Amino acid sequence: MGRDGPPRTFAKTFGRDPRGPPRYSGGGRSLSLPSMRAPALAAQMIERTLEKLESWSWDAAVIGLGYVGLPLVVTMARAGINVVGYDVDPIVVEHLASGRSHLDDVTAEDLAEVAPRTRFTTEPSTLASPDVLFICVPTPLAVGKQPDVSFITGAAEEITHELRAGHVVILESTTYPGTTESTVLPILERSGLALDKDFLLAYSPERVDPGNASFRTSNIPRVVGGASEASTKAAELVYLRFVEKVHVVPNARTAEMAKLLENTFRWVNIALVNELSFVARAIGVNIWDVIEAAATKPFGFMPFYPGPGVGGHCIPLDPFYLQWAAPALECIRGLLAGGAAVTYADPHVPSVREHGVELDAAPLTAPAIGGADCVLILTDHDAVDYNAVAQGAQLVVDTRNALGRRGLSGGNVRAL
Ligand SMILES: NC(=O)c1ccc[n+]([C@@H]2O[C@H](COP(=O)([O-])OP(=O)(O)OC[C@H]3O[C@@H](n4cnc5c(N)ncnc54)[C@H](O)[C@@H]3O)[C@@H](O)[C@H]2O)c1
């Protein structure tokens with residue numbers, strides 16, 4: 001980020017482009033404060049809060065230190081913000097407090113760099129002091145594939161005990177439209193404090209793509225929408241301090257639905273290309289050649305690639321790492337049910353204890369590759385030695401074109 005002080009004016013926030021303020025998508029719109037219709041005290045609170053955000057004199061707490069929350073902590077700390085990292089998992093917190101990261105995307109060096117500005121804790125009372133609270137907790141699917149927002153309600157309840165005047169609460173977890181206003185807001189109001197009078201509340205979907213070195217928290221554009229007009233403005237000011245581009249939408253529901261559109265778009269297109277891969281196979285065409293050819297069209301087409309599945313969920317709102325895990329687990333479970341002896345290797349998943357599968361990862365050694373009747377590639381990790389797989393395996397079923405993309409082929413290789 002490299003910015004070391006607050007902007008003197010709002011326009012200065014995006015002063016990195018000498019031609020003016022091009023990236024502020026809500027630019028020029030004025031905020032009608034509730035002074036017109038609500039008590040003056042409420043208007044003062046909002047004024048004070050927005051001034052504090054605009055002058056970059058605020059600090060933050062991140063609730064949930066996983067794939068989304070921890071990179072957010074590091075990004076904000078790098079931008080000069082003091083951040084409390086709060087998680088209910090004492091092991092996660094213990095590791096982070098001693099400088100060890102549980103994620104590939106955040107290194108021990110990253111943690112050391114931001115150590116002067118970060119503090120990791122399991123103590124909920126630490127949420128009282130920071131000005132902006134980010135909720136980054138999981139939203140898995142419950143039995144029956146219903147969205148499970150219990151982690152969000154749990155985090156909201158923790159905040160409610162610590163809520164104070166001037167707090168800005170921002171939900172980042174992926175969820176269905178209406179969660180911010182219909183689920184989180186009523187819980188926060190149990191504190192006796194009120195939206196726009198005491199606190200502000202907004203939604204901004206996290207779009208982080210773990211493992212993607214080009215697009216990180218700081219340069220992925222942000223969509224923000226509030227539970228009130230002032231909340232939208234507050235969220236916009238918050239993200240402009242550490243994210244390159246902020247896109248403002250009219251309300252939290254719009255931001256929630258934008259995330260759902262993104263995930264559904266991805267889900268439908270992967271499902272489509274999976275179906276087409278069967279058609280291609282039936283007529284003797286290589287689907288990867290087809291996609292590569294179609295992708296040369298410079299407009300109106302975006303390539304998606306076939307794989308073992310897209311998560312098996314009817315509502316595609318879960319994190320991408322689960323979208324990987326579910327089809328892999330379905331395959332393992334099916335093979336076990338059919339009587340196969342199964343081992344798995346994955347540099348990022350040391351063990352699996354779900355979907356009826358209980359396995360520990362095994363090293364991908366030459367004897368393990370050569371000893372298996374079939375090596376099934378379900379996800380494409382750079383850390384895997386694909387040469388060893390192509391050369392040593394009796395049979396490879398490659399659902400990701402991992403070998404083809406590396407120019408590896410052979411009579412023992414079957415691509416999807
Ligand atoms: N992982 C991704 O690629 C990705 C991308 C975009 C959006 N998302 C969304 O972001 C959200 C978080 O996903 P994630 O992958 O970071 O999850 P994660 O499982 O990696 O981490 C969540 C963390 O939250 C903690 N937690 C749970 N309840 C808590 C509570 N009440 N208080 C404090 N901490 C609590 C857990 O202990 C865990 O450490 C989800 O809604 C997910 O769908 C994820």
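Q: A helix crossing is left-handed if the near helix is turned anticlockwise from the far one by less than a right angle, and right-handed if clockwise; which is it for α5 and α6?
A: α5 passes α6 in a right-handed crossing. Helices here are DSSP runs of H or I, at least four residues, numbered from the N terminus. It's a predicted model, with local features needing pLDDT of at least 70 and side-chain atom pairs pLDDT 80 or more, while totals for chains, interfaces and linings use all residues. Residues are numbered from 1 along each chain as its sequence is written.

Q: What's the angle between α5 and α6?
A: About 35°, with the axes 8 Å apart (lines fitted to C-alpha atoms over the stretch in contact, angles from 0 to 180 degrees between N-to-C directions).

Q: Which residues make that contact?
A: From α5 you've got I152, T153, A156, E157, I159 and T160, and α6 brings T179, T183, V184, I187 and L188 (C-beta atoms, placed from the backbone, within 7 Å). By class they're six nonpolar, four polar and one charged.

Q: OK, switching to the ligand: how many residues surround it?
A: 30, and G64, G66, Y67, S173 and T174 are the closest. α5 (150-162) and α10 (320-337) are the elements giving two or more residues to that shell, with the largest share, four residues, coming from α5.

Q: And where does the ligand shell lie relative to the domains?
A: Between them, because domain 1 (11-252) and domain 2 (260-415) both give residues to it.

How values were computed:
A residue is near a molecule or strand if its C-beta atom, placed from the backbone, lies within 6 Å of it. Domain bounds come from an automatic or database domain assignment. A crossing is left-handed if the near helix is turned anticlockwise from the far one by less than a right angle, and right-handed if clockwise. Two residues are in contact if their C-beta atoms, placed from the backbone, lie within 7 Å. Ala, Val, Leu, Ile, Met, Phe, Trp, Tyr, Cys and Pro count as nonpolar, Asp, Glu, Lys and Arg as charged, and the others, Gly among them, as polar.
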